[in-house]
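Subject: A structure for you to look at

Hi there,

Here is the structure I promised to pass on. Please open it alongside this note, and I will walk you through what turned up.

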Amino acid sequence: MTRKVCVVTGSSSGIGAATARLFASQGWNVLVNYSRAPEPAEAVAAQCRALGADVLVVKADVSQDADCRAMAAQAQARWGRADVLVNNAGATKFASMKDLDALDADDFHKIYAVNVVGAYQMARAFAPLLRLHPGAGIVNVSSIASMLGTGSSIAYMASKGALNAMTVGLARALGPDIRVNAIAPGLVETPWMQDGLGPGRYEATVQAYKARAVLDAVISPEDVAQTAWYLGVHATKTTGEVLLVDAGLRLTKA
Ligand SMILES: NC(=O)c1ccc[n+]([C@@H]2O[C@H](COP(=O)([O-])OP(=O)(O)OC[C@H]3O[C@@H](n4cnc5c(N)ncnc54)[C@H](OP(=O)(O)O)[C@@H]3O)[C@@H](O)[C@H]2O)c1
């Protein structure tokens with residue numbers, strides 16, 4: 001039987017890389033995508049190949065519709081199918097919540113272009129391929145920031161709120177052929193937060209997170225990958241859902 005195909009945007013690092021590796025370890029072929037430096041993407045591709053996957057590495061900026069369509073054309077030419085699309089690529093600007101002057105319209109547009117429009121363009125470009133085989137799924141990587149009003153900036157949390165709403169809209173639009181769900185992770189141990197906050201603030205944020213989360217933990221990229229695997233492959237009667245993976249942060253310790 002032909003191997004199934006998982007397309008993961010932003011898979012040269014963090015959550016996307018862990019997701020590509022997990023699908024590869026389960027006997028799937030994977031498309032690894034990045035938008036800037038090729039070396040990390042090639043390293044992830046090598047790990048996936050070592051797990052037995054055929055891998056396409058594609059440089060594409062998901063905010064550019066032509067790039068999304070070119071990615072779909074490459075998947076079509078290589079495998080003639082796509083079974084799961086994980087819209088994981090994300091953008092933000094770290095800006096103080098209390099300083100409304102720290103963000104301007106251009107910041108909002110740049111963040112929305114990747115986090116919202118990018119996911120939309122990818123869904124549109126890949127829908128014809130996803131429809132070819134029953135059970136196909138799209139998984140959008142959102143954030144708990146959309147629900148708590150926390151995170152790197154107001155523009156970021158608003159973009160992830162829009163992504164949650166779009167998840168429901170796309171679930172209606174693409175059913176019954178394609179299920180569309182989202183994951184809302186809490187703090188995940190990736191370069192995203194490490195680089196964004198810097199070493200001292202990052203460690204303090206991790207400790208503060210653990211102090212509030214009922215499970216006394218932060219999230220690993222592999223935790224999110226496992227949820228993408230569940231929603232993309234196994235949750236055959238679930239669509240339009242936004243699933244928290246937050247180690248119980250939202251419950252807050254008593
Ligand atoms: N880390 C957290 O605490 C956390 C929490 C909740 C949600 N999330 C979400 O999880 C997702 C992944 O974050 P991460 O923590 O794994 O970050 P990461 O380690 O910084 O990885 C981000 C990935 O996205 C790629 N990327 C960025 N802009 C892109 C674009 N326009 N087109 C294609 N690829 C692009 C990056 O590659 P290039 O550098 O080559 O572009 C990289 O592969 C994001 O959507 C983020 O909002 C993260």
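Axes here are lines fitted to C-alpha atoms, for helices over the stretch in contact, and angles run from 0 to 180 degrees between N-to-C directions. Helices (H or I, at least four residues) and strands (E, at least two) are DSSP runs, numbered from the N terminus. Residues are numbered from 1 along each chain as its sequence is written. Please keep in mind that this is a predicted model: local features need pLDDT of at least 70, side-chain atom pairs count only at pLDDT 80 or more, and totals for chains, interfaces and linings use all residues.

Let me start with a helix pair. Helix α3 (residues 65-79) packs against helix α4 (residues 105-130) at an angle of about 25 degrees, and their axes are 8 Å apart. That makes α3 roughly parallel to α4 (angles under 35 degrees count as roughly parallel, over 145 as roughly antiparallel, 65 to 115 as roughly perpendicular and the rest as oblique).

On the α3 side, D65, C68, R69, M71, A72, A75 and Q76 meet Q121, M122, A125, F126 and L129 of α4; two residues are in contact if their C-beta atoms, placed from the backbone, lie within 7 Å. The residues of this contact divide into eight nonpolar, two polar and two charged. Ala, Val, Leu, Ile, Met, Phe, Trp, Tyr, Cys and Pro count as nonpolar, Asp, Glu, Lys and Arg as charged, and the others, Gly among them, as polar.

Now the whole chain. The protein chain has nine helices and seven strands. Its radius of gyration is 17 Å, close to the 18 Å that the globule rule gives for 254 residues, so the chain is as compact as a globular protein of that length (the radius is taken over C-alpha atoms, and the rule is 2.2 Å times the number of residues to the power 0.38). Of the 254 residues, 48% count as buried: 20 or more other C-beta atoms lie within 10 Å of a buried residue's own, against 12 or fewer for an exposed one, with partly exposed in between and C-beta atoms placed from the backbone. Among contacts between residues at least 6 apart in sequence, 73% join residues at least 24 apart.

Two buried residues may interest you. V141, in strand β5 (residues 136-141), is buried, with 28 other C-beta atoms within 10 Å. Leaving aside neighbours within four places in sequence, V141 is in contact with I15, V86, N87, N88, G90 and I183. R21 belongs to helix α1 (residues 14-25) and is also buried, with 23 other C-beta atoms within 10 Å. With the neighbours within four places again set aside, R21 is in contact with Q47, C48 and L51.

Finally, some backbone details. Most residues other than glycine have a negative phi, and most peptide bonds are trans. G175 and P176 are joined by a cis peptide bond, with omega about 0 degrees, and P176 lies in the loop between α6 (154-174) and β6 (178-185). D216 has a positive phi, near 60 degrees, and is exposed, with 12 other C-beta atoms within 10 Å. T252 has a positive phi of about 60 degrees too, and sits in the segment after β7 (242-245).

Best wishes
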